[in-house]
Amino acid sequence: MIAELGLAALWMSAALAALQLVLAGGGLWSGKKAVAEKGALLSGVRPVAVAQGALVTLSFLCLLLLFLRSDMSVALVALNSHSAKPLLYKFAGTWGNHEGSMLLWVMVMGLAGAAVALFERALRHDTHVATLGAQAAISLGFYAFLLFSSNPFARLNPAAPDGQGLNPLLQDPGLAFHPPTLYIGYVGLSVAFSFAVGALLTRNVDAVFARAMRPWVLAAWVMLTIGIVAGSYWAYYELGWGGWWFWDPVENASLMPWLAATALLHSVTVLATRDALRAWTIMLAVIAFSMSMVGTFLVRSGILTSVHAFAVDPQRGSFILALLLIYIGGALALFGARVGTVREGSQFEPMSRESLLVINNLLLTVILGVVLIGTLYPLMTEAFGHQVSVGPPYFDRITGPLALIMMLAMVAGPLTRWRKDKVGVVAGRLLWPLLIMIATGAVLFVLGGERMSILSFLGLMVAGGVALGSIAPLFKRNLRRTPLFVWGMVVAHLGCAVSLAGMAADSAFTSEKLIAMAPGEKVETAGWKLHFDKVGPIAGDNWSAMQADMTVRRGGSVDIIHPQSRFFSNPPTTTSEAALLTRWNGQLYVVLGEQLDDGRWQMRIWWKPFVTLIWYGGLMIALGGVLTLIGRERRGWALKLRKSHAQEEWA
Amino acid sequence: MKSRWLLWLPLALFAGLAVFFIGGLQNDAPRVVTSALVGKPLPAFNLPAGASDRPALDSREYTKGKPRLLNIFASWCVPCAAEAPQLMALADAGVPVDGIAIRDARADVDDFLARHGNPYAHIGLDARSQVQIALGSSGVPETFLVDGEGRILHQHIGDIRAEDVPGLIAKWKAAQ
C-alpha cells in the first residue's frame, strides 16, 4: 500500500510539474502583459510549485518507510537491504542505490523549486515565472526518467524471504550524510540553471537579477563543498588506502560542478556589484548544473568504469543522454540566440578587482576543462580502439600548478579596488604576504625541503603567503563593523590556505611502513612506538571481524587502537576498518591486513602530519559560504523591513 | 559582443561532446578487465589429493581433449561457501569441475564438502599456494575454464553468482 501511495504521489508530482510548465510557458507566451498581470501569473504558478515539492517529498518518505520496515515485497528493498541491517543503514540504504538516489534527486529538485516559489522576492515577476517554468521543465525530464526506466516502487512477486544486503563499503555513518548533502549541492545548482534560462527568456540580466540569484548559488555551493569534504574523508578512512582523493570518475563528477559553481559565485558577485560579466555569468550558471548532469550521466550509464558504479545499464544511459541533449543543448542554443540581445554590462580597467576575478574564473574554468578531459580521455581513446586509464599523475601535475597560480590571484583579488586600482599600490599591499611566502620557503629549505617534491614545497610556501594574504582585508578595519560577508570571504579564503597546507604536508611528510608482526611484537615509526598486544575475533550487528589491539605511545601519551578486518556475509565482502588516532599535528593511520602462514599479520602504518587540515580547511570554506549567505541576506531582510516601514509611514 | 559566432561556440563544443557520448554508449568494447592468462597454457602441476574421497589433481588431466573448469577454493573461505550451490549447478549440468584447495588441510576440506556439497571430480591440495601463484590467481575463489589442449580460455575472479552460471555453461559448450 505504501509503495502504491509513493508511486501515485510521484506520478502526481510529475503531472504538477507539467502543469507548472504549461502555466508558466503559456502565460509568458500569450504576449506582452502588464507587470501586474505577470504578478497574477506568478501567484498562479507559485502554489503549483509548492504542491509539487510537497508531493515528491511524500513519495520519498514512502520509500524511506519501506526501507525502514524492510518490506521485501518491493524489489528495490529486496535488492539493497537486509532485515538484519542496523536501523541507520536501512535509513541510509534508501539512497544507497540507483533508483532511490534518483528519487532523492527529484525530491531536492522539487523542494528547490518550491523554495524559489515561496522565498524569492527580489526577482522581476516575469523572470520569476520563467525560472519556475524552467525548473519544472528540468524536473519533468527526471520524473520521466524515474517513472519509465527506474521505478523505485516496483513490486517483487513473490516477495523475497530476505534482502541481498547493502554493499558493506556503504555501511558507514558517512553514507547517511554524504549523498544528501552532495545531492542538495548538485541539484541546488539547477536553480541557478533555471535562473539563467529565465533571465535569457525574459532578457533580464542585470545587477538586480544577480543579487536575486546569488543566495541560491551560495547555498548550493555550501552543500556541495560539505558533500565533497565528507566524501573525501569517507574515502580516506573507509577504503583503507591512506589517500584522500583518487581522481575517480565519481569524485571528478562532484568536483566539476564545484569548480563551475565556485567560478559562478565570483562572477555573480561581479555582476551584482559592478553590473559587468553578464554573458559570462549566465554561461557559468548553465555550465554548473550541466556539469552535475554530465557527471550523473558518466557515473550512471556505465560509459566509464568506476569503483563507485551502481548497477549500470546502457538503456538508462541513453535516457540520461537524451535529457542532457534536451536541457544542456537547449540552454546553450538559447544562450547563443539570446545573449547577444542582452545589453552589454559595464566595462572595467585591466588593473581592478574585476580583472582579478576574471583571472580566477578563467583558471577555474581551465582546471574544469583539465578534469573533464582527463575524465573523458579513456572514452576518447576507446573510440580509437585503445583502452587507457588516466590517473593521479596527470591530474596532479596539471591541476596542481594551476591551482597554485589561482591561489595567488585569490590573495590579490580582495586587496584590489573595484573598477580601477594602481599596480604600485596593490603591489604594496601584497608585500607582506609575499615576504611571508618567501620566509616560509626559506625555512622549509633550511629544514630539508630539497627532499620534498617541488609541488609540495611550493604548496606549503604558497599556503603560508595565502594564509596571511587572506586575512589582510581585515587589516586597518574596525573588526566589529566589518560586514559579515567580508568575514565570510576571509574565512573561506583562509580555508583554502589551510586545506592547501594539509595537502602539501600530507604529500611531503607522510611516513609509511608496511610490516608483518606477530602479537607481542613492537615497532617504531615516525616517533611512535606501537605494541601489537593481541588479535582476536569480534562480532558486530551484521558483521564479524578480526580485531587487533595495539598500544601506541608517543611522548607521554598512551592509547589503545583497534584496526579491524571486517567480514560481511550479506553480500560476502571484506572491508578493512582503519584505526585512526588524531593528534593536533596529524593522524596515525593503521590498517590490519592479512595473516601470513607463519602466523604474523600484515600491518600498514602511516603517520600523516597535518593531514586533517585538508578537511578542516574544506569545512572553513563551507563556513565562509554560510557567513556570506547570512551576511548578505540579513542585509536584504533589514532593507526590506525598513522599506515596508517607510511605506507604512508614507501611507 | 564582438563576434556573434563566439556565442554559439559553447553549443558547438557540447555537440562534439554529445557525439562522443553517443559513440561511447554504442561502443561495446569490453569494460571488464581481461586476464593476461587467457590464451596461455595452464602451468604444469601435480598436487596430492585434497579430500579423502576424490582423486588427486594433475595438470595432464587438462590435455585429454575435454574442456574442464578449475576452481580455486578453500575451506576457510566464506565466499567459497556462498559459491558452492552454483558449482553444484554447473556439475549437475554436466560440466566437469576440479578443485584446488588453497592453504588447507584434508580434514577441513572433507568437512567443508560434507556441509556445502561436493561438485568436484578431482581435488588437489595446494598447501603452500604454489600452484595458485603459478596460475596468477590473486585470491579465492577463482575459476578457470581450460580447453582440451590445456589452454586457459577464461578466468572468473571472485565467487560465481547465480547469474554467471548460464554464461559459464555456454562458454564450456562453445569450447568443445
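Which residue follows helix 9 of chain A, and is its phi positive or negative? The residue is Asp275(A), and its phi is positive, near 55°. That is a handy place to start a walk through this model, which is predicted.

Let's stay with the helix itself for a moment. Helix 9 of chain A covers residues 249-274, 26 residues in total. From its first C-alpha to its last it reaches 37 Å, close to the 38 Å expected at 1.5 Å a residue. Of those 26 residues, 24 are buried, so helix 9 of chain A is largely enclosed by the rest of the structure.

Now step back to the layout of the chain. Chain A is divided into domain 1 (1-176), domain 2 (203-418), domain 3 (430-472 + 483-508 + 613-650) and domain 4 (511-609). Where domain 2 of chain A meets domain 3 of chain A, the contact takes 21 residues from domain 2 and 27 residues from domain 3. On the domain 2 side, helix 8 (207-238) and helix 13 (392-412) of chain A are the elements that give two or more residues. Helix 8 of chain A has the largest share of that side, with 11 residues. By class, the domain 2 side has 17 nonpolar, 3 polar and 1 charged residues.

Next comes the contact between the chains. Chain A contributes 29 residues and chain B contributes 22 residues. On the side of chain A that touches chain B, at least two residues each come from helix 10 (278-301), helix 11 (314-338), helix 12 (353-383) and strand 6 (564-569) of chain A. Helix 11 of chain A gives the most to this side, with 11 residues. The residues of chain A that touch chain B divide into 17 nonpolar, 9 polar and 3 charged.

On to the strands of chain A. Strands of a sheet pair through backbone hydrogen bonds, either parallel or antiparallel. One open sheet of chain A has 4 strands in the order 1-10-9-8, with antiparallel pairing. Strand 1 (511-517) and strand 8 (579-583) of chain A stand at the edges, each with a single partner strand, so one side of each is left without a neighbour in the sheet. The twist averages 15° from one strand to the next. Strand 1 of chain A pairs with strand 10 (residues 601-609) of chain A over 7 bridges, and Lys513(A) stands opposite Ile605(A) in strand 10.

Two hairpins of chain A also deserve a look. Strand 2 (residues 522-525) and strand 3 (residues 528-539) of chain A pair in the antiparallel sense over 4 bridges, with Lys522(A) opposite His531(A) in strand 3. Their hairpin has 2 residues between the strands, and Ala526(A) takes a positive phi near 45° there. Strand 3 of chain A is then joined to strand 4 of chain A by a hairpin through 3 residues. Strand 3 and strand 4 (residues 543-554) of chain A run antiparallel, with 10 bridges, and Lys529(A) stands opposite Arg553(A) in strand 4.

Finally, chain B. An open sheet of 5 strands in chain B has the order 5-4-3-6-7, with mixed pairing. Strand 5 (120-126) and strand 7 (152-157) of chain B stand at the edges with a single partner strand each, so one side of each is left without a neighbour in the sheet. Neighbouring strands of this sheet are turned by 20° against each other on average, direction ignored. Strand 6 (residues 142-146) of chain B runs antiparallel to strand 7 of chain B, joined by 5 bridges, and Glu142(B) stands opposite Ile157(B) in strand 7.

Terms used
Residues numbered from 1 in each chain as written. Chains lettered and ligands numbered in written order. Predicted model: local features only at pLDDT ≥ 70, side-chain atom pairs only at ≥ 80, totals over all residues. Expected span 1.5 Å × (residues − 1). Buried ≥ 20, exposed ≤ 12 C-beta atoms within 10 Å, placed from the backbone. Contact = placed C-beta atoms within 7 Å. Nonpolar A, V, L, I, M, F, W, Y, C, P; charged D, E, K, R; others polar. Domains from an automatic or database assignment. Pairing = 2+ DSSP bridges. Axes fitted to C-alpha atoms, helices over the stretch in contact; angles between N-to-C directions.
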